[in-house]
Amino acid sequence: MSSSPLAASPFKATTVTVAGKRLSAHMGGSGTPIVLFHSLLADKSSFDAIAGPLATTHQVVVLDLPGFGDSDYVGAGLAQIADHLAQGIAALGLNKPVLLGNGYGGFVALMTAIRHPALASRLVLADCGAAFSEPGRAAFRGMSAAVKDKGLAAIADVAMRRLFAPEFQVQNPALVAERKKHFLAMDLETFHGACGALAALDIRDQLTSVSTPVLVVVGEQDEATPPPMSRELAAGLPDARLVELAGCAHVPQLQAPDQFMAAIRPFIDEKAAA
């Protein structure tokens, strides 16, 4: 029924249990592990277009973040989620993986690196940051309130606008309809918890503790986590470089996978200094 490449070879579904909670992933390929953390408004299928290409050179691990897909909810706090994922990565037997996070997944990957500094070899943080502006915080509070009142359908169009620029939506109606279907299937407790966590987040004072090399990537049309957030993030990290993707919004790996891969490939293929 599913046409996702994650349902076919070389990917296989796997589940580990951490403190009695399931953590689900699809794994395939060989080489340096790279663990993919999806965004709040787009599930693991947002990595479908890049999972195969990545698997030609890396062992790819596409997570269902806690509360998504087949992974159990573990609470809303990003620190709690980060600790759970660090244990899950260890349980999967992954040694010094690259962590690649998009949107919410980028915040989670960053928090994981802050709390577990020896875990990852490098980070790719796509369309995230270390803190939202007050209008950004208010947007999460507003979306959560609207969903509590009228359900996810009430903000489905807002969610799509946060993922894709209007022109792209007009040109790609089938893709947007598919993403909306995925969004409407989201667990409500997970959604409200994530909105609350992101609205309160400010980890700018912790960025200097990240010694891992970081590639910060952002779509120039991203309205959900605008480019100034990524610029601030890159400036605050000790070892970071920044790439801004022309014509892209919040999920560049879904909107322009070839462009996204060209941006990250040199970085993820680099060998760590001896």
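The entries below follow the order in which I looked things up.

**Ground rules.** I am working from a predicted model, in which local features need pLDDT of at least 70 and side-chain atom pairs count only at pLDDT 80 or more, while totals for chains, interfaces and linings use all residues. Residues are numbered from 1 along each chain as its sequence is written, and side-chain values use heavy atoms, with hydrogens and water left out.

**The sheet.** I took helices (H or I, at least four residues) and strands (E, at least two) as DSSP runs numbered from the N terminus, and I let two strands pair if DSSP finds at least two bridges between them. On that basis I found an open sheet of eight strands, with mixed pairing and the order S1-S2-S4-S3-S5-S6-S7-S8. Strand S1 (12–18) and strand S8 (240–245) are its edge strands, each pairing on one side only. From one strand to the next the twist averages 20 degrees.

I then looked at individual pairs. Strand S2 (residues 21–28) and strand S4 (residues 58–63) run antiparallel and are joined by four bridges, and within this pair Ala25 has Leu63 of S4 as its bridge partner. S5 pairs in the parallel sense with S3 over four bridges, where Phe37 stands opposite Gly101 of S5. S5 also pairs in the parallel sense with S6, over five bridges, and there Val98 stands opposite Arg122 of S6.

**Strand S5.** Are its residues buried or exposed? I call a residue buried under 20% relative accessible area, exposed over 50% and partly exposed in between (1.4 Å probe, protein chains only). Five of the five residues of S5 are buried, so this strand is largely enclosed by the rest of the structure. Val98, Leu100 and Asn102 point one way from S5, whereas Leu99 and Gly101 point the other way.

**Helices.** For angles I used axes that are lines fitted to C-alpha atoms, for helices over the stretch in contact, with angles running from 0 to 180 degrees between N-to-C directions. Helix H11 (residues 257–269) lies across S3, S4, strand S5 (98–102), strand S6 (122–126), strand S7 (214–219) and S8, and runs at about 160 degrees to S6.

Helix H5 (residues 156–163) and helix H7 (residues 173–184) pack at about 120 degrees, their axes being 10 Å apart. H5 and H7 are therefore oblique to each other, given that angles under 35 degrees count as roughly parallel, over 145 as roughly antiparallel, 65 to 115 as roughly perpendicular and the rest as oblique. Ala156, Asp157, Ala159 and Met160 of H5 make the contact with Val176, Arg179, Lys180, Phe183 and Leu184 of H7.

**Cysteines.** How many disulfides does a search of the whole structure find? I counted a pair of cysteine sulfur atoms within 2.5 Å as a disulfide, and the search finds zero. The sulfur of Cys128 has its closest cysteine sulfur in Cys248, at 15 Å, which is too far for a bond. Cys128 is buried, at 0% relative accessibility, and Cys248 is likewise buried at 0%.

**Single residues.** Ser230 sits in helix H9 (residues 227–236) and is buried at 0% relative accessibility. With residues up to four places away in sequence not counted, Ser230 touches Asp127, Cys128, Val216, Val217, Val218 and Leu242.

I also noted two residues other than glycine with positive phi. Asp127 has phi near 60 degrees, lies in the loop between S6 and helix H4 (134–150) and is buried at 0% relative accessibility. Ala19 has phi of about 50 degrees and is found in the loop between S1 and S2, but Ala19 is exposed, with a relative accessible area of 74%.

Key
Contact = heavy atoms within 4.5 Å.
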